Structure formats: C-alpha cells, structure tokens
Amino acid sequence: MNAKDMGIFICKLRKENNMTQMELAQQLHVTDKAVSRRERGIGYPDIQLLPALSESMHVSVLN
C-alpha cells in the first residue's frame, strides 16, 4: 500500500470512529500535525505505532 492510500485508509477509519485528528493524536502520543501528514500521504506512520493505531481504529494489523 502506498503512502497516499494508507493516508486515505487512516482518515476513513478515523472518521468512522467519530474521532478528530487531535483525539487520535492524543491516543497515539503524537501531534495532530503528524496525524494530518499521514492522512495526506506524506510518509507512513512509525511501525511501532501500528498496534496502537489498529486498536484505536478497531481493526487488525494482521489482515
């Protein structure tokens, strides 16, 4: 998955979970600007954040 598609996917899941970028950022212990960059496809989330990100979004990283 390229960075742009990953960003679209993260944004979609965040909105489905009725979360703001700030709320997601607080759960992941990153800035809202970092969430915004990822959603715009400017790079990927840190691999160490994937478990917390998947938990916040109620999805599995195994699929």
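Biologist: Which residues is S54 in contact with, leaving aside its neighbours within four places in sequence?
Modeller: In this predicted model, S54 is in contact with V59, S60 and V61. S54 itself lies in helix α4.

Biologist: Why is S54 called buried?
Modeller: The relative accessibility of S54 is 12%. Buried means under 20%, so S54 counts as buried.

Biologist: What makes H58 exposed?
Modeller: H58 has a relative accessible area of 65%. The cut-off for exposed is over 50%, so H58 is exposed. H58 belongs to the segment after α4.

Biologist: What is the phi of H58?
Modeller: H58 has a positive phi of about 60°, although it is not a glycine. Most residues other than glycine have a negative phi.

Biologist: Where is N18, and what is said of its phi?
Modeller: N18 sits in the loop between α1 and α2. Its phi is positive, about 50°, and N18 is not a glycine either.

Biologist: Is N18 buried or exposed, and how do you know?
Modeller: N18 has 69% relative accessibility. Exposed means over 50%, so N18 counts as exposed.

Biologist: Why is K15 called exposed?
Modeller: Its relative accessible area is 52%, and the cut-off is over 50%, so K15 is exposed. K15 lies in helix α1.

Biologist: What makes Q21 partly exposed?
Modeller: Q21 has a relative accessible area of 25%. Buried would need under 20% and exposed over 50%, so Q21, lying in between, is partly exposed. Q21 is part of helix α2.

Biologist: Which residues does Q21 touch, leaving aside its neighbours within four places in sequence?
Modeller: Q21 is in contact with R14, D32, V35, S36 and E39. For one of these, E39, the C-alpha atom is separated from that of Q21 by 9.3 Å, and the two residues are 18 apart along the chain.

Biologist: Why is α2 called roughly perpendicular to α3?
Modeller: The two helices pack at an angle of about 110°, and their axes are 8 Å apart. Angles of 65 to 115 degrees count as roughly perpendicular, so that name applies to α2 and α3.

Biologist: Which residues meet there, and of what classes are they?
Modeller: Q21, M22, L24 and A25 in α2 meet D32, V35, S36 and E39 in α3. By class there are 4 nonpolar, 2 polar and 2 charged residues in this contact.

Biologist: Which residues of α3 are buried, and what covers them?
Modeller: In α3, the buried residues are A34, V35, S36 and E39. Their cover includes α1 and α2. Just after α3, G41 takes a positive phi of about 80°.

Biologist: Which hand does the crossing have, and which residues make the contact?
Modeller: α2 passes α4 in a right-handed crossing. The contact is made by L24, Q27 and L28 of α2 with A52, L53, S56 and M57 of α4. These residues divide into 5 nonpolar, 2 polar and no charged.

Biologist: How do you know that the buried residues of α2 line one face of the helix?
Modeller: The buried residues of α2 are L24, A25 and L28. Seen down the axis of α2, they fall within an arc of 100°, so they line one face. In general, an α-helix has 3.6 residues a turn, so residues three or four places apart point the same way.

Biologist: What do those buried residues pack against?
Modeller: The buried residues of α2 pack against α1 (3-16), α3 (32-39) and α4. Just after α2 comes H29, with a positive phi of about 60°.

Key: Residues numbered from 1 in each chain as written. Predicted model: local features only at pLDDT ≥ 70, side-chain atom pairs only at ≥ 80, totals over all residues. Heavy atoms only, no water. Left-handed = near helix turned anticlockwise from the far one by under 90°. Helix = DSSP H or I, 4+ residues; strand = E, 2+ residues; numbered from the N terminus. Contact = heavy atoms within 4.5 Å. Nonpolar A, V, L, I, M, F, W, Y, C, P; charged D, E, K, R; others polar. Buried < 20%, exposed > 50% of the residue type's maximum accessible area, 1.4 Å probe, protein only. Arc of directions from axis to C-beta. Axes fitted to C-alpha atoms, helices over the stretch in contact; angles between N-to-C directions. Parallel < 35°, antiparallel > 145°, perpendicular 65-115°, else oblique.
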